[in-house]
Every structure is written in structure tokens, then in C-alpha cells.
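Please look over the sequence and the structure first, then read the points below.

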Amino acid sequence: MKYRTIEEANAVQIPELPRTYVERYEALAKSIRLGNESGVSKLRKIFALTDTLAAFVAPYMVCEKGCSHCCHIDVLVTSVEAQYIHRNLGIAPRAGHSISTGHSEAKRPCPFLSNNNCCSIYEHRPFACRTYFAVDDPALCEDPNCEHVTYTSKSNGMLNQLFLMLGFVNGSQPIRDIRDFFPNGAEA
């Protein structure tokens with residue numbers, strides 16, 4: 001694949017979301033606010049719509065399997081996401097309230113990045129990973145100080161609302177880097 005220059009990436013036009021996505025979001029928002037199911041159950045619903053939106057924008061992005069530059073940046077994870085990983089994969093999150101940063105500067109990869117540069121928990125990855133895309137050359141993700149074109153939950157109003165919804169579901173529980181919850185990855 002030929003990667004875009006920053007100028008080409010800035011010119012990419014992503015179409016407006018279909019009305020059916022808006023309707024799904026509105027139904028989900030009501031369900032999350034009024035439902036009495038567990039946080040993990042609500043998270044599954046948030047992830048389902050997030051994945052639908054991600055599939056909609058994916059053709060405009062340059063990310064592909066095996067590209068793992070973004071797996072070396074700080075990844076904030078909510079406690080409910082850590083519980084979701086624990087429930088689905090049996091990997092217990094480390095307790096604590098501290099949050100660390102600077103993993104990207106230290107070149108520390110995500111503890112779930114496999115030897116073949118693929119996510120070993122891809123199906124159960126956190127929201128931040130589901131909503132981070134490179135629009136230009138993904139190698140630029142390697143340098144945390146490099147200004148380049150990415151598409152994240154801040155780039156899309158509905159994804160941003162889903163991010164806020166995730167915060168609502170998490171409540172006052174800690175939000176920490178994935179390396180703080182799971183310092184040893186799947187080898188916990």
C-alpha cells in the first residue's frame with residue numbers, strides 16, 4: 001500500500017455517517033442510561049457500535065494487520081475495560097490507582113503485542129485501540145512528538161459520545177495505562 005503524505009491525508013474526506021448509525025446510537029444511549037445491567041454488559045454494547053463505526057471509516061485509513069507502531073504509545077484503559085479483558089481472557093488486572101505515562105518515549109510496547117506484531121487480545125482490545133487510525137504513513141505513529149494525521153474518537157462526534165458513554169459506565173473507577181493494569185500481558 002502506498003501511504004499518504006500529510007498533505008494527502010489532510011485532504012481525505014470521510015462521508016457523513018448513515019442515519020441508521022445515529023438511530024443505533026440513540027437507542028444505545030437510552031439503554032446505557034436506563035439499563036441496570038453490569039458495566040461489562042454495557043461495555044459490550046458500546047464496543048459493538050464502536051466496531052460498526054470503525055468498519056465504516058476503515059477504508060479511508062491506512063492501518064493494516066501487522067502494523068504495530070501505535071502499540072507503543074500510551075493507552076488509557078478504564079477499569080471496566082480491564083474487567084472486560086479479565087472476564088473474557090482470565091487475565092487479572094493489577095490493582096492500584098496510579099497512572100503512568102511515558103511508555104511511548106521509553107519505547108515500551110503494549111504488553112499484548114505479540115512477536116508477530118499483532119494484538120494478542122484483538123477481539124477484546126480497549127476502546128482507545130478500537131478508535132485509533134492512521135490516515136497518513138503509520139510509521140509516523142512511532143514518534144510520539146511527530147505531528148501527523150490520525151483519526152480517533154476526537155475526530156468523530158459519535159465516537160466521542162461513545163467515549164463519554166464509556167466514562168459514564170466506568171464511573172469513578174480508575175483509568176490507567178494498559179501497562180499498569182496488565183504489566184505482563186497474557187503472562188499474568
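Arg179 has a relative accessibility of 7% and therefore counts as buried, since the cut-off for buried is under 20% relative accessible area. The model described here is predicted.

**Arg179**
- Arg179 is located in helix H7, which covers residues 178-181.
- Its side chain reaches the backbone oxygen of Ile73 at 3.0 Å.
- A polar atom of the Arg179 side chain also lies 3.4 Å from the backbone oxygen of Pro109.

**Asn156**
- Asn156 sits in the loop between S3 and H6.
- The side chain of Asn156 reaches two backbone nitrogens: that of Met158 at 2.9 Å and that of Leu159 at 2.8 Å.
- Leaving aside residues up to four places away in sequence, Asn156 touches Leu17 and Tyr151.

**The nonpolar cores**
- The largest nonpolar core has 30 residues, and Leu53, Leu162 and Met165 touch the most other members.
- At least two residues of this core come from each of helix H2 (19-34), helix H3 (39-57), helix H4 (79-89) and helix H6 (157-170).
- H3 supplies the largest share, nine residues.
- Met165 is in contact with Tyr25, Leu28, Ala29, Ile32 and Ile46, not counting residues up to four places away in sequence.
- Another core, of 13 residues, lies apart from the largest one; its members include Cys71, Ile85, Ile91 and Ile178.

**Helix H3**
- H3 has 19 residues, which at 1.5 Å a residue should span 27 Å.
- The buried residues of H3 are Val40, Lys42, Leu43, Ile46, Phe47, Leu49, Thr50, Leu53, Ala54, Phe56 and Val57.
- In an α-helix, residues three or four places apart point the same way, because there are 3.6 residues a turn.
- The packing partners of the buried H3 residues are H2, H4, helix H5 (127-130), strand S2 (133-134), strand S3 (150-151) and H6.

Key. Residues numbered from 1 in each chain as written. Predicted model: local features only at pLDDT ≥ 70, side-chain atom pairs only at ≥ 80, totals over all residues. Heavy atoms only, no water. Core = buried A, V, L, I, M, F, W, Y, C linked by side-chain atoms within 4.5 Å. Buried < 20%, exposed > 50% of the residue type's maximum accessible area, 1.4 Å probe, protein only. Helix = DSSP H or I, 4+ residues; strand = E, 2+ residues; numbered from the N terminus. Contact = heavy atoms within 4.5 Å. Expected span 1.5 Å × (residues − 1). Polar contact = N/O pair within 3.5 Å; in protein donor to acceptor, adjacent residues only side chain to side chain.
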